[in-house]
Amino acid sequence: MSSALFSYSDLTTLAEFEHFQQKISQLAQVMGIDLMKYEIDHLAVRVNSDKNVKNWLALLMKFGTILSDNIVNDRRIYLIQLNEPLILLGKSVDIVELPFPKNKCYPLESWEHIEIVIPFEEDESVSQWLSRLEKNFLWNKLTTLSVKVSVPKVDGERLPNPSIAVSFADKSENSVCIKVHPYNIKNIIEVW
């Protein structure tokens, strides 16, 4: 994707995106996960005001189209399909998640997390998937990490969408997050 996406000074810069990549890389290293082994199916932006969501949406619409516009956990979330993928840590990513703010104030209104896919094994249930990842990665054993498990549900989704969100317990230096789920977001919203 052209760096023009990052030249809009009110929203973000190329330097911010590179800083985001460095922070994601640092978190992945502590998590003991090799991001090159997994699909990064989307990136997410976080903002603190409806106005900034609208600014980001207008900007992203110059480089893509709305793939999905749904209410998830009581807030509107856009998924933008980019015409050309962004390259994050050597991986192509063509979906940006842009949610309206909810009762949280983010320290930086910019790129906030990535979501990677670690698929279900054959006939694996949600609880078995969660147990397998907990056993294989031991994220809950690291006091430097914060781990949150959720199973968001949107009307009309046919697949379970469990998510494990991992971030640093102390977010003062690095507030990014890596989320893990079993399906590509396009499978979840049934768009291919």
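Modeller: A salt bridge here is a side-chain nitrogen of Lys or Arg within 4 Å of a carboxyl oxygen of Asp or Glu. The general idea is that side chains of opposite charge can pair when their charged atoms come close. Some ground rules: this is a predicted model, where local features need pLDDT of at least 70, side-chain atom pairs count only at pLDDT 80 or more, and totals for chains, interfaces and linings use all residues. Residues are numbered from 1 along each chain as its sequence is written, and side-chain values use heavy atoms, with hydrogens and water left out.

Biologist: Which residue meets R46 in a salt bridge?

Modeller: That's E97, with N to O at 3.2 Å. R46 sits in strand β1 (residues 39–46) and E97 in strand β4, 51 residues apart, so the pair links distant parts of the chain. Strands are DSSP runs of E with at least two residues, helices are runs of H or I with at least four, and both are numbered from the N terminus.

Biologist: Are R46 and E97 buried or exposed?

Modeller: Go by relative accessible area: buried means under 20%, exposed over 50%, and partly exposed in between (1.4 Å probe, protein chains only). R46 counts as buried because its value is 4%, and E97 is buried too, at 9%.

Biologist: What does D94 form a salt bridge with?

Modeller: Its partner is K186, and the closest N and O atoms are 3.6 Å apart. This pair also links distant parts of the chain, with D94 in strand β4 and K186 in helix α4 (residues 185–188), 92 residues apart. D94 has 23% relative accessibility, so it counts as partly exposed, whereas K186 is buried at 12%.

Biologist: How far apart are the closest N and O atoms of E124 and R132?

Modeller: They're 2.8 Å apart in that salt bridge, and both residues are buried. Salt bridges can also share partners, and here that joins R46, E97 and E112 into one network.

Biologist: Where does W56 lie?

Modeller: In helix α2 (residues 50–61), and W56 is buried, at 1% relative accessibility. Contact means heavy atoms within 4.5 Å; leaving aside neighbours within four places in sequence, N52 is in contact with V47 and E109.

Biologist: How many helices and strands does the chain have?

Modeller: There are 4 helices and 8 strands, in the order α-β-α-β-β-β-β-α-β-β-β-α along the sequence. Buried residues make up 49% of the 192 in the chain. Among contacts between residues at least 6 apart in sequence, 65% join residues at least 24 apart.
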